[in-house]
Amino acid sequence: MSAPANGVSANELLAVMGSRELADNTTVFAGVGAPMLASGLAQRMHAPLLTMVIEGGIVGPRWKPGALPISTNEMRAAYRAQMLPGITEAFLLAQRGFLDVGFIGGAQIDRHGNLNTTAIGGSYDRPKVRLPGSGGANDIISLCRSVIILTVHEKRRFSDALDFVTSPGWLTGGEARRKSGLLFGGVGRVVTTLGLFGFDAQSRRMRLEALHTGVTVDEVKASTGFEVLVSDTLTTTKPPTEEELGILRALDPARQFL
Amino acid sequence: MTIARREYDFQAARKRLEGKAKSAGEKLTSLDEAVARVKNGDHVALGGCLFSRTPLALVRALLRRRPTGLSLSRNLMCYEGEWCMVAGAVDKIVTSWMGIGLPWGLSKILREYVESGRVPMEEWSHLALGLRYRAAAMGVPFLPSLTMMGSSLVDVGGSKIIDCPYTGEKLLAVPALFPDVALLHVHRADRLGNCQIDGYPHMDADIVRAAATVLVTAEEIVSEEEIRLHPDRTVIPGFAVDALVHVPFGSYPHECYGLYDAEPDHFSVYVDGINRQGAAGVLAYLDRYVYGPATHAEYLALFGDAALAEARRRGKELVS
């Protein structure tokens, strides 16, 4: 991961900003990397009663510092879990409505928070670049009450038009998501290395709501492949604190994910 | 649309199961005899998930028979999917995701074979694939779900969206997937094929019920009495199993919950081979680890006792 000038890495920034979005007494569907670090940090800061649900069919793990999982389907991901119900069951908890928040990322994102992790260029059958696929991302964004997208902010990722919608955000905006059959949820937040974004309530277009310290609106615009709305009440985020960074670095001392 | 009628034809699947012996008898056999039940063109579903409890001993035994025309499905496909592509064994990969994990990057083999159009990857969401096996396990042609709608994934396999007969709301009708063969690795079984799994169950119990033929390897063969003392732990009934093979370290170098940890360094060596030589790197790996060893013991000797003991130590530590 790239290391900004102030010594905070991209994933540290995403994990800290992601963690602040999580409330106590809630549930979060979290994957490996920044999402698990954000969830672990939130539990140690302000949300001790936050429960993690993991794609591998794991409920309530307490990951061991220094032994963070590489995949959502391995023993490190299940360490000190409260329940191991299975993969299908974990997603069905989300379909029932038990999951307040889901974290996902993606190779490409558009102005309505749709994500592509399937194929770039060409056709589905003969893509220019075949990506790994949805995994559980489509289910998380379809079924959780609210989704937070965590991503590095780069122009090639923030795309004007996706070749494939792997994970549906607000689709074409307005009522499109509801009309498609997705009656619940939606993307609430996009947390990037440049700032925090929400979505306009009517058009469902992405809107810049806060900048990280030292980042300008022009920088955001130059790093975004579509026209981004800017909030009238734009704020600046509080930089990661020593306490937050200390907790993250204790969780991942080898900086495998930081 | 890439799904075939035989994948969701619940009547044909039911007749096939009704026509099959459901024996409470002996199931123990050898790896070679077990995989001889797989025919060219079969749909083979793999148990476990990614690098957890992958039935690698069965996959290796199957590939030694040089099968062709298989469809291969798995919830998250690890590099066994790459082996099957490079070995010329598969016509279709059905999964929600393929790779090893973040540290190893995109699968170069997946890219090469899919981008050139040689082997299609039929992509489903993770839950949707789970519900395909679940629907088949229930003996019905589809299950309604709230997932995947609005996305491009609906078009890939040719899923249908239906109106709920009660509320009128849209629902995804996730089509059943009845595999011809299921390959699984479990913690323990008795000689009759009653199987117990520790830790996360993945989708194995559904895959067993969905498939026409079930081939299982077990870390340990225990007495019937031991199974009967803990019947609540049994997740696969013996009458559903066609062949059982005693294979300690049957998913190694992938993990088996509580018994041994995975070997990420081995994955890195495998990927290095691909980075240097492309598909030829996979062929070299297959020669050394799949086609080369005549027995499972010879295969394990390639890793050595020290590595196996260390994997066991880490595996126990991670559940204590």
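**View 1. Burial and overall dimensions of chain B.** Of the 320 residues in chain B, 54% are buried (20 or more other C-beta atoms within 10 Å of the residue's own, with C-beta atoms placed from the backbone). This is a predicted model, in which local features need pLDDT of at least 70, side-chain atom pairs count only at pLDDT 80 or more, and totals for chains, interfaces and linings use all residues. Residues are numbered from 1 along each chain as its sequence is written, while chains are lettered from A and ligands numbered from 1 in the order in which they are written. The C-alpha trace of chain B spans about 60 × 50 × 40 Å along its principal axes.

**View 2. Secondary structure of chain B.** Chain B holds 14 helices and twelve strands (DSSP runs numbered from the N terminus: H or I of at least four residues for helices, E of at least two for strands).

**View 3. The open sheet β5-β7-β6 of chain B.** Three strands, in the order β5-β7-β6 (chain B), form this open sheet with antiparallel pairing (strands pair if DSSP finds at least two bridges between them). Its edge strands, β5 (142-145) and β6 (160-163) of chain B, each pair on one side only.

**View 4. Bridges between β5 and β7 of chain B.** Four bridges join β5(B) to the antiparallel strand β7 (residues 170-175) of chain B. The bridge partner of B:S145 in β7(B) is B:L172.

Conventions
Buried ≥ 20, exposed ≤ 12 C-beta atoms within 10 Å, placed from the backbone.
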